[in-house]
Amino acid sequence: MRLGHRLRIRHRLGHRAVAGLTTLLLPFAALVGLASPASAAPSATATYAKTQDWGSGFEGKWTVKNTGTTALTSWTVEWDFPSGTSVTSAWDADVTSSGTHWTAKNKSWNGTLAPGASVSFGFNGSGSGSPANCKLNGGSCDGGTVPGDAAPSAPGTPTASHVTNTSVRLAWSAATDDKGIKNYDVLRDGAKVATVTTTSYTDTGLTAGTDYSYTVQARDTADQTGPAGGAVKVRTTGTTEPPPSGAKVKLGYFTEWGVYGRNYHVKNLVTSGSAQKITHINYAFGNVKDGKCVVDDTYAAYDKAYTADQSVSGTADTWDQPLRGNFNQLRQLKAKYPHIKVLYSFGGWTYSGGFGQAAANPAAFAASCKAVVEDPRWADVFDGIDIDWEYPNACGLTCDTSGPAAFRNLMRALRAEFGSNYLVTAAITADGSSGGKIDAADYGGASAYADWYNVMTYDFFGAWANTGPTAPHSPLTSYPGIPTAGFNSADAIAKLKAKGVPSAKLLLGIGFYGRGWTGVTQSAPGGTATGAAPGTYEAGIEDYKVLKSSCPATGTVAGTAYAHCGSNWWSYDTPSTIAGKMTWAKNQGLGGAFFWEFSGDTSNGELVSAINNGLR
């Protein structure tokens, strides 16, 4: 039996490898391109540390510190690598090279350092060499005086006029500089949206009824960037999209890797109409490594650049904005649909092996998770954390032996760390069999610390039993001939209630996909098979959006649909069976429903609509 969330067909771009830690301190400096002197001759240092080394490559970290008594307004670090060593990707700075000489320059948002302040940035590298001949703003990296002239002053605080549903006109007083002003960067909510040579700009493509904050910073003819001026807050006219009706939770999983082969992006939630019909999103998945929460695919999460037509806001990402990728798109989605809450989900079928180590020190694990969720670059994106441990004190992809109290201890530590202002939830097994996975852990005790459980009431049966018998993978109730007693939603919910989990803390799970066999001659459940039916990404599994046309439902059993077409036999939920399940969920007093996952739905979101309508 397999019950849970699986990573299906994933490609990883821009992902940093992880290996043992080694540390090497050397002088260094900051990121990209043209050497930019800093302001008024302060003192500063630049140091380098190799933070990870995996043989064929490594991760480096550079720290620039202002050791003087006056502000440092920009920084540029230069160094030489031996032949065969190079930077392959970088973050929090812009890095360029000329042969074996490398130059790094601050981003627009991290160039100013007050006395005593420091800033770090990092990169992935190939080869095994170490930096040499370090220069900081053209001078010494070891704390000497930093050469250079003064950076531009801050421009005046912008004034806003001609505010409409989708645009605003901004104007500001000029900055001053001893070498002259070259241009101005206009920043919306901290991200650059335009560079202009005048002291005004009209920002377009905004969302109605939405709050924005604008600042402006100047750049001089020596390419130094000065500090941002004061901020002006603007609210566009009109209203944002209304929240879905009813008080029930309507939650969907958004998969990090779906932006690759599936070509499914946050904007699809808008174009399908799904965003206005849900209340919560679980972003899947963060990884659990060395007893800690970590971002998995950093490229997809916060570095992938979106063009204007791909983004929720209609504004293209720029090369130097602080946050891109899925996280920035989720930020834009929340601006358009303020009712939506987003949780960062860690674990899943593939990444649950790390929870055993996490359970050995729950407090340290919880602290690491909060550090990821509250990272300053995206702290406003996430409203909570979801733990998808498959399975505590039981077997999934690997087997866990941490004991029946481990899950409760982990949830208690998460609640203590995150407090009452964050959501703390968990995806849990739906194995309602006697002595099964629900009986293996203290789900009743842990529920005191959870806002709700996502009960994974799907994947009960599938073609891992390659000769059958054919059976619906998401039965609502038992039925005559069910292959395993207790493998159905009703028995799972009943067992959880009996263990003391309040009904309102239980969400019913819906799969937006089917599971199927081939070599089947019998239409009704219980037939024999020869193996898994062909699927787009994986044998034995297929999205609803494909099955509804390729193999339409021919019958229902136990509250879900099945289909026999040719020699293939599939089971999956339809809008009709979802309506029945939502009625059952309401009658049981459940807190709502959730689904795995958005990209399996049709382009007009008909399954999300069925959940929304059924929970009204």
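Me: Which element gives the largest share of the lining of the second largest pocket?
Reply: This is a predicted model, in which local features need pLDDT of at least 70, side-chain atom pairs count only at pLDDT 80 or more, and totals for chains, interfaces and linings use all residues. Residues are numbered from 1 along each chain as its sequence is written, and side-chain values use heavy atoms, without hydrogens and water. Helices (H or I, at least four residues) and strands (E, at least two) are DSSP runs numbered from the N terminus. Five residues of this lining, its largest share, come from α3.

Me: Which strands stand at the edges of the open sheet of four strands?
Reply: The order in this sheet is β14-β13-β16-β17, with antiparallel pairing (at least two DSSP bridges between two strands). Each edge strand has a single partner, so one side of it is left without a neighbour in the sheet. The edge strands are β14 and β17.

Me: How many bridges join β13 to β16?
Reply: Strand β13 covers residues 181–188 and runs antiparallel to β16. The number of bridges joining β13 to β16 is seven.

Me: Is Gln217 buried or exposed?
Reply: Gln217 lies in strand β16, which spans residues 211–220. Beyond residues up to four places away in sequence, Gln217 touches (heavy atoms within 4.5 Å) several others, including Ser108, Pro155, Tyr184 and Ala228. Its relative accessible area is 3%; buried means under 20%, exposed over 50% and partly exposed in between, with a 1.4 Å probe and protein chains only. Gln217 is therefore buried.
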